[in-house]
Amino acid sequence: MTLLTIDGMRVEFPSRRGHVTAVEDLTITVEPGEILGIVGESGAGKSTIGNAVIGLLEPPGEMTAGHIALHGERIDTLTDAQKRSVRGARIGMIFQDPLTSLDPLQTIETQLIDTIRENLGVSESDASGRAVALLDAVGIPDPAIRIKQYPHQFSGGMRQRVVIALALCGEPDLIIADEPTTALDVSVQAQILDLLKGLCRDRNVGMILITHDMGVIAETADRVAVMYRGRVVETGTTGQIINAPVHDYTRSLISAVPPPDRRLDRFPLVTYIEDAQERPEGLDLATHWLGQSRDYGAASEELLRIDNLHMRFVTRHSIFPSRRLFLDAVKDVSLSIKSGEVFGLVGESGSGKSTIARIVTGIYTPTSGSIRFAGTELTALKTRKEASPWRRQMQMIFQDPFSSLNSRMRVKDIIAEPIHFHNLADNAAEAQKIVTDLLDVVGLGAQAAGKFPHEFSGGQRQRISIARALATRPRFLICDEPTSALDVSIQAQVLNLLKDLQQELNLTMLFISHDLPVIRQMCDRVGVMRNGQLLEVSETETLFNDPRHDYTRHLLDLMPVFSGFGSDKN
Amino acid sequence: MIGFIFKRLLQSVIVMLTVALIAFALFRYVGDPINNMVGQDTTQEERAALKERLGLNDSFPVQFGRFVKNAAQGEFGISYQHRRPVSDLIAERAPATLELSLLSAILAIAVGIPMGVYTAIRRDGWLSRAFMSLSLIGISLPTFLIGILLILLFGVILRWLPTFGRGEVVQLGWWSTGLLTTSGIKALIMPAITLALFQMTLIMRLVRAEMLEVLRTDFVKFGRARGLPDRYIHFKTALKNTMVPVITIIGLQLGAIIAFAIITETVFQWPGMGLMFIQAVREVDIPIMAAYLVMIALIFVVINLIVDILYYVVDPRLRVDRAATGH
């Protein structure tokens, strides 16, 4: 018998300006033991489906049409108390971020036992036994000891295992996993996906896997529903969707995924996605503002050289030196970046990639080592004034487009700020002209100048960040995970923009990412980092085809196998 | 943990020494202590002899050292005004202030926290809106005005409660309490409410804001998704997480209640330390001022120490060294 049936569901959010329809005419089914993937970009209404099924729609959202049935029995019309008994006991839910999904002030044991007792009504000792067995089942070593610990004592991947154990406490028939691996490293992602697949198979549990990541879908789901703007545009088996998509949107979505197995010159233009804007063709540097005073002398072959860089943070202070604890975030790293080159740094979280970026830009002072930028030793510059001309030549683009722009400033002021700071314009009118020009260059258009950051989407905000970074006419750009907070289609646009700008302005780039396919598309040379050490540096194609270090090979193996339907077309 | 407490104790000692230095400077350099002690007709020789006897000719560090040593033993000299040891005066007045302050603190916490929780859970209920509107009054009206209005209403118009003093007190050893007689309790009601009102509304608004924040977190949402009942989510999950930041503020406010009892004590002529301090200021009674300063500082330091220890009890993340976390 079909486990879950959703038929003709519509979810609306009433607002002052009329109703916003988050999900429209949704019809899907899930069989026991089956994994149904729901894929789509942010705002497509994926998460709303999960919330509607467990009856936890954020008010004022409500289901205004259709019905949801579990084992043929309607659950959307139940009272609040009855819905609560469905949650946990019959439908479990797993959220995206394991770092925030657990109550930080209670032990894992309390959280597990309370959930088990609430859902199954068993005795405390019985619940305790089940809790340990569950932790064992989700692959936590020494469950009897670790159960006594608090969430902060677990790593991200382990916490997600605990979250899964908690979702299984009430022995549900259906699990809704909302982006379960998005916040995790690749190696951990693979383990968690294996765990979820195994649980569905062994316990005959059905699962709805909500994700934006085609790679995750390709590896995990049995069937896929593709969502666009609240509607399912295409449903089919995973193989069918990936290899022979019918709908234009599905094709666009798949073509926007950076292929790990080859390098594209530019990402295919995604016509179906409406956020795409045209930007002016090619810049003439001889006449354009961005080209002025770019004569940095004869471009030396080597722009940035880092030697034996070491960064040590004190993690426990003590007056006794023997009791101090340290974290060596960067250990003895040496690398050099040639002028006009895009140098990639890849590694998992905590590997020290971002620390290097922060040292180079002067946010951190290194413990030891030397950084030479265009022949000048940066660590020898002690005052802000001395460092300022060098800082102006290097700019940074941050990961999170939502927190890296001051929400109280208008876009024109955000972009003009570095111009004023470095006295690059003679007067305010000239600065405004430059701002308008920069907005054109990044494809936003002059009308964006008077708006505030919250009026823009994530991709547009990242364009604003890029415009701000370009405002000082830098020659060196540091991009720290510039697209990892963005949807794939938007990511494709932003990466294309970065590539264009890099070529037109002959920028040198340090490109930091955890995403190997993105690195392959963007970089000329790549350094692989782990635990603060630079393990290997090689030409991008060499690295992907013939990795020398074991860890690089390991990372490449974990890379999602998904390579897009376009692989046989190009 | 022991290292942590040790470090905090060390910081406390430094704070107390700094305050003692200010108090000592007040004592030594504001006016001439000899002049304040002796009568008009004392001869220069007698003054010089007294100065020598009191050690006022010694070097600054020696005098300060003596002051600290005496202060540590609770000895602050003789009040100019009352001609009695300051320590005796304080011991006499302290029970009145402490009784008033503790009652106010208990009132503020016992009413403020539940009101904060209620207004957070039932954000849009009419009772929540009423509480929020009332709390605006508590926040915006100055303490003395509330005191005067209460006196006008309950003391003058209705004549239910006494308008000044402590009423009858019972002596329990050195501690005098007003809690054992009807007139004592009646006298306590208005000052306690006056003193508690501001703190109560502050705590309520703080708890409400924190609780709303916690109720939006992922772990609360995940709790609901696992079928945990509202009662559990509100009181076991959310309230505990709310308390972490609230404890700090409550601790600081408790110190503030004791320190700022001055105004309430003045309005109600409450025979506590605050009133004594105000009178001491008027009469330039430096020993009392110095002693009061040191004592209030001590209270703040002790409360802060307790708050820090409570943090350890409530938040497990602080118990383990950060380096030990991870895998």
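**Entry 1: a salt bridge in chain B**

I began with the side chains of B:Asp308 and B:Arg8, which meet in a salt bridge with an N to O distance of 2.5 Å. This pair links distant parts of the chain, since I find B:Asp308 in helix α13 (residues 286-314) of chain B and B:Arg8 in helix α1 (residues 2-29) of chain B, 300 residues apart. I note for my own caution that this is a predicted model. I then looked up the accessibility of both partners: B:Asp308 has a relative accessible area of 17% and is buried, because buried means under 20%, whereas B:Arg8, at 26% relative accessibility, counts as partly exposed.

**Entry 2: salt bridges in chain A**

The side chains of A:Glu341 and A:Arg525 meet in a salt bridge at 2.5 Å, N to O. Here too the pair links distant parts of the chain, with A:Glu341 in the loop between β12 (325-338) and β13 (342-346) of chain A and A:Arg525 in strand β19 (residues 525-530) of chain A, 184 residues apart. Are these two residues buried or exposed? I find A:Glu341 buried, with a relative accessible area of 6%, and A:Arg525 is buried as well, with a relative accessible area of 13%.

I next turned to A:Asp307 and A:Arg305, whose side chains form a salt bridge at 3.1 Å, N to O; of this pair I looked up A:Arg305, which counts as partly exposed at 31% relative accessibility. I also noted a network of salt bridges that links A:Arg10, A:Glu12 and A:Glu24.

**Entry 3: aromatic pairs in chain B**

My search of the whole structure gave 13 aromatic pairs over all chains. For B:Phe60 and B:Phe64 I read ring centres 6.4 Å apart and planes at 15 degrees, so the pair is stacked, given that planes under 30 degrees apart count as stacked. Both residues lie in helix α4 (residues 60-72) of chain B, four residues apart, which is about one turn of the helix. B:Phe60 is partly exposed, with a relative accessible area of 37%, whereas B:Phe64 is buried, with a relative accessible area of 16%.

How are the rings of B:Tyr118 and B:Phe131 placed, stacked or edge-to-face? Their centres are 6.1 Å apart and their planes stand at 75 degrees, so I record the pair as edge-to-face. This pair links distant parts of the chain, with B:Tyr118 in helix α5 (residues 86-121) of chain B and B:Phe131 in helix α6 (residues 126-140) of chain B, 13 residues apart. B:Tyr118 counts as partly exposed at 31% relative accessibility.

I also noted a cluster in which ring pairs link B:Phe24, B:Phe60, B:Phe64, B:Phe67 and B:Phe76.

**Entry 4: charges over rings, and a glycine**

In chain A I looked for arginines placed over aromatic rings, and I found A:Arg146 over the face of A:Phe154, at 4.2 Å from the ring centre. I found the charged end of A:Arg530 over the ring of A:Tyr551, 4.5 Å from its centre.

Last, I looked up A:Gly450, which is placed in the loop between α14 (428-441) and α15 (458-470) of chain A. At 34% relative accessibility, A:Gly450 counts as partly exposed. The C-alpha atoms of A:Gly450 and A:Asp413 are separated by 8.7 Å, and these residues are 37 residues apart along the chain.

Note on methods: Residues are numbered from 1 along each chain as its sequence is written. Chains are lettered from A and ligands numbered from 1 in the order in which they are written. This is a predicted model: local features need pLDDT of at least 70, side-chain atom pairs count only at pLDDT 80 or more; totals for chains, interfaces and linings use all residues. Side-chain values use heavy atoms; hydrogens and water are left out. Rings of Phe, Tyr and Trp (its six-membered ring) pair if their centres lie within 6.5 Å; planes under 30 degrees apart count as stacked, over 60 as edge-to-face and the rest as tilted. Helices (H or I, at least four residues) and strands (E, at least two) are DSSP runs, numbered from the N terminus. Buried means under 20% relative accessible area, exposed over 50%, partly exposed in between (1.4 Å probe, protein chains only). A charge sits over a ring if NZ of Lys or CZ of Arg is within 6 Å of the ring centre and within 35 degrees of the ring normal. A salt bridge is a side-chain nitrogen of Lys or Arg within 4 Å of a carboxyl oxygen of Asp or Glu.
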